[in-house]
Amino acid sequence: MRRFAGALLVTLGLLAGLGYITLSRITRSWFQSDLALRSQLAVASARESLASHWTSDPTLLNRTLADITRDERIMAAAACTMGGDLRAATESYPAEFSCRSVLERMRGEAPAAQQWSMRAELPSGPVHLSATLVPADGGPLGVILLVHDLSYLERRDVTTRRLLLAAFFVLSLGGGLIALTAARFAWRGWTIELRRALTGQPTPQFQPLLRDVRALAERLAHEQEREGGAGIWSPARLRATLTQHLQGERIVILANREPYVHHKTPEGVRVLHPASGLVTALEPVMRACSGVWVAHGSGSADRETADSHDRIRVPPGEESYLIRRVWLSEAEENGYYYGLSNEGLWPLCHVAHMRPVFRAGDWECYVAVNRKFADAVCEEVDTDDPIVLVQDYHFALAPRMIRARLPRATIITFWHIPWPNAERIGICPWRDELISGLLGSSILGFHTQQHCNNFIDSVDAFMESRIDRESNAVVQGPRRTLVRPYPISIEWPVRWLQQVPDVASTRLQVRAELGLPPDALLGVGVDRLDYTKGIEERLSSVDELLTRYPQYRGRFTFVQLAAPSRTKIDRYRELNERIESLAAEINARWASGSYRPVVLLRSHHEPPAVFRFYRAADLCYVSSLHDGMNLVAKEFVAARDDERGVLVLSQFTGAARDLTEALIVNPYDLRQASAALAAALAMPPAEQGERMKSMRRLVSEFNVYRWAGRMLVDAAELRRKERMVGKFRSGWSS
Ligand code: G6P
């Protein structure tokens with residue numbers, strides 16, 4: 001920016017110099033013709049007197065000359081004969097300009113002219129000498145020589161120069177200020193565009209939709225206004241919010257997946273952190289707030305590690321909150337979790353071209369298990385108006401069930417996956433029950449406004465209710481459910497990073513472990529093995545990259561961390577096999593020596609191991625075909641405190657609305673995705689830094705504490721209103 005301002009000022013300075021030279025030339029020539037004209041006028045007006053005294057009395061001729069020199073700019077005058085003799089001259093007439101010499105020059109330079117003039121230097125300063133013929137009937141009588149003082153011209157020149165310089169200075173300053181202000185606003189976009197144009201990178205096609213950028217800008221402005229400069233959200237601020245707005249009531253979370261799973265291993269019991277965006281987001285919130293997390297006890301050592309009330313204090317060593325484990329029989333798990341939740345609702349809500357499977361038996365299980373969990377929640381609360389956070393598609397019925405037992409509860413439900421359009425939701429045989437169950441909530445949250453709109457449209461299409469579009473609420477009798485977007489995020493700073501060495505050492509270590517040279521280019525993908533994640537499309541894009549950009553053959557390696565998931569379901573097992581053979585096929589195509597472009601690591605990786613890969617990579621590709629948010633994208637950004645690395649992100653993720661500085665792609669379009677991978681690998685460090693810095697700023701501010709805080713503040717407001725309405729009602733009835 002400073003260089004730009006400097007260049008601007010130099011340019012304006014040069015322009016000012018050039019302007020001055022041109023202008024001073026023009027004014028000089030104007031002054032010369034002005035003086036010539038003056039001389040002509042002076043001689044013409046004295047013509048009669050000159051003619052009458054020319055041959056008679058030289059004293060009178062002298063007087064006439066003296067009259068002419070009354071003009072303050074005419075210093076001296078002389079009258080010469082055509083033969084070059086002096087007839088008369090004023091006292092101060094300089095001897096340098098003798099009649100003869102002047103007439104010779106005049107005849108040489110302008111033989112037929114009535115007047116001739118020249119500029120000359122005298123010891124006293126510059127002068128203008130003019131020779132004008134004195135006309136008479138029989139031919140010119142002679143010549144009048146006039147000497148004009150030019151020092152006033154010099155003075156005028158200096159003043160003009162000063163004025164001009166001052167004017168140009170003011171103009172430059174004004175212009176510079178305007179240019180700097182404009183540059184301040186346009187600089188970033190402009191430099192990026194310029195750089196892209198210069199490097200020939202095809203990045204413009206990976207830009208986010210303008211609509212998304214505008215929506216993000218509006219959201220940020222709205223958030224800033226709402227927050228009123230209260231600072232960044234942290235665990236402490238979240239805790240304070242809970243105490244201040246909700247009188248410190250503890251929170252009860254209901255989520256199928258537990259944050260700590262105890263497993264039996266040959267080495268003893270191991271605690272695992274499951275691969276789940278929901279857990280990634282909610283665990284830090286629970287740590288900050290304390291309370292109870294009600295979840296399915298799915299680990300092989302969960303029973304033996306829980307107490308007689310099925311509870312266990314976590315996190316291990318810290319013990320700031322409780323997990324209440326609910327046990328499910330195999331049949332219950334099959335029907336509720338694998339069946340209705342993951343073969344029915346999961347494909348129903350994700351546009352990933354998988355038909356949902358709806359089995360009546362699974363539905364019955366789902367209803368029964370929702371009741372079982374709702375009962376567990378009611379056992380864990382310690383007031384009749386608790387705050388309950390119900391999570392995700394496993395528990396669409398629980399909000400109404402809890403409401404039936406605790407009418408005064410504040411129930412905040414968050415749907416972590418997309419909510420499809422009404423037409424699609426309409427194919428579910430139990431759509432009315434699902435929607436009605438969710439409407440038991442006080443607040444129903446989705447990641448994006450689009451999902452909120454889809455939900456409201458579904459209510460409109462299938463339910464008896466009133467929709468208050470102004471406040472985005474569904475009203476059924478005396479109860480209302482607010483439907484709001486709350487884009488989820490991650491903790492900031494991420495605690496796992498404390499266990500990972502800095503980027504430089506991690507880069508070297510990871511490359512060495514993979515048997516790669518230290519300067520190898522590395523891409524990373526991190527997912528559960530799920531068909532919504534677009535892992536096949538991602539590997540095919542790597543294949544396309546190597547086909548279309550031969551310079552990366554032998555240099556670029558893509559590591560896919562894939563955590564096995566829902567493996568009882570055929571589709572997931574099939575996907576696993578397809579991915580394995582695709583990776584083998586690509587590797588066979590591009591293998592040379594020990595080089596293999598795809599490294600498939602199909603096992604559970606604990607968070608520090610995942611973060612090592614984020615830190616070691618040159619790029620991270622998130623290629624989901626449909627994703628509510630996707631926290632891998634945000635984790636990659638959090639890991640890169642070196643402000644390097646490029647995020648290539650599917651436009652079908654909720655995260656693409658927040659992380660507009662990523663390279664946004666359609667993962668189905670292999671040409672586009674491979675071009676984005678190539679652009680990422682060729683991106684200059686300065687542009688990487690610029691993009692990463694901006695994404696880090698956004699994720700750090702819009703962290704998960706803010707996500708939870710905003711929902712709790714909204715819930716507190718709602719509670720206050722409901723309490724007031726309650727008081728009025730009891731007042732009226734008494
Ligand atoms: C998604 C869901 C979560 C779920 C996670 C892992 O992120 O929204 O509710 O926990 O996937 O899936 P799993 O079936 O292993 O819990």
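Guide: Helix α11 (residues 360-380) packs against helix α12 (residues 398-405) at about 45°, and their axes are 9 Å apart. Helices here are DSSP runs of H or I with at least four residues, strands are runs of E with at least two, and both are numbered from the N terminus. Axes are lines fitted to C-alpha atoms, for helices over the stretch in contact, and angles between N-to-C directions run from 0 to 180 degrees. The angle makes α11 oblique to α12 (under 35 degrees is roughly parallel, over 145 roughly antiparallel, 65 to 115 roughly perpendicular, the rest oblique). The crossing is right-handed (the near helix is turned clockwise from the far one by less than a right angle; anticlockwise is left-handed). From α11, the contact uses Val-367, Asn-370, Arg-371, Ala-374, Asp-375, Val-377 and Cys-378. From α12 come Ala-398, Met-401, Ile-402 and Arg-405. Contact means heavy atoms within 4.5 Å.

This is a predicted model: local features need pLDDT of at least 70, side-chain atom pairs count only at pLDDT 80 or more, and totals for chains, interfaces and linings use all residues. Residues are numbered from 1 along each chain as its sequence is written, and side-chain values use heavy atoms, leaving out hydrogens and water.

Now set another helix pair beside that one. Helix α14 (residues 431-438) meets helix α15 (residues 449-462) at about 120°, with 11 Å between their axes.

Helix α18 covers residues 570-590, which is 21 residues. From first C-alpha to last it reaches 31 Å, close to the expected 30 Å (1.5 Å times one less than the number of residues). Its buried residues are Arg-571, Tyr-572, Leu-575, Ile-579, Leu-582, Ala-583, Ile-586, Asn-587 and Trp-590. They line one face of α18, because they fall within an arc of 135° seen down its axis (the arc of directions from the axis to the C-beta atoms). An α-helix has 3.6 residues a turn, so residues three or four places apart point the same way. On the other side of α18, Glu-577 and Ala-588 are exposed. Buried means under 20% relative accessible area, exposed over 50%, and partly exposed in between, using a 1.4 Å probe and protein chains only. Among the elements covering the buried residues of α18 are α10 (330-349), α17 (535-548) and β20 (598-601).

The loop between β19 (556-563) and α18 holds Arg-566. Its phi is near 45°, a positive value in a residue other than glycine. Arg-566 is buried, at 11% relative accessible area. Asn-472 also has a positive phi, about 50°, without being a glycine. It sits in the loop between β15 (466-468) and β16 (473-476). Asn-472 is partly exposed, at 23%.

Two cis peptide bonds deserve a look. One joins Val-314 and Pro-315, with omega about -10°. Pro-315 is in the loop between β10 (311-314) and β11 (321-326). Another joins Trp-492 and Pro-493, with omega about 0°. Pro-493 is in the loop between β17 (479-485) and α16 (503-513).

Finally, step back. The protein has 24 helices and 23 strands. Of its 734 residues, 54% are buried.
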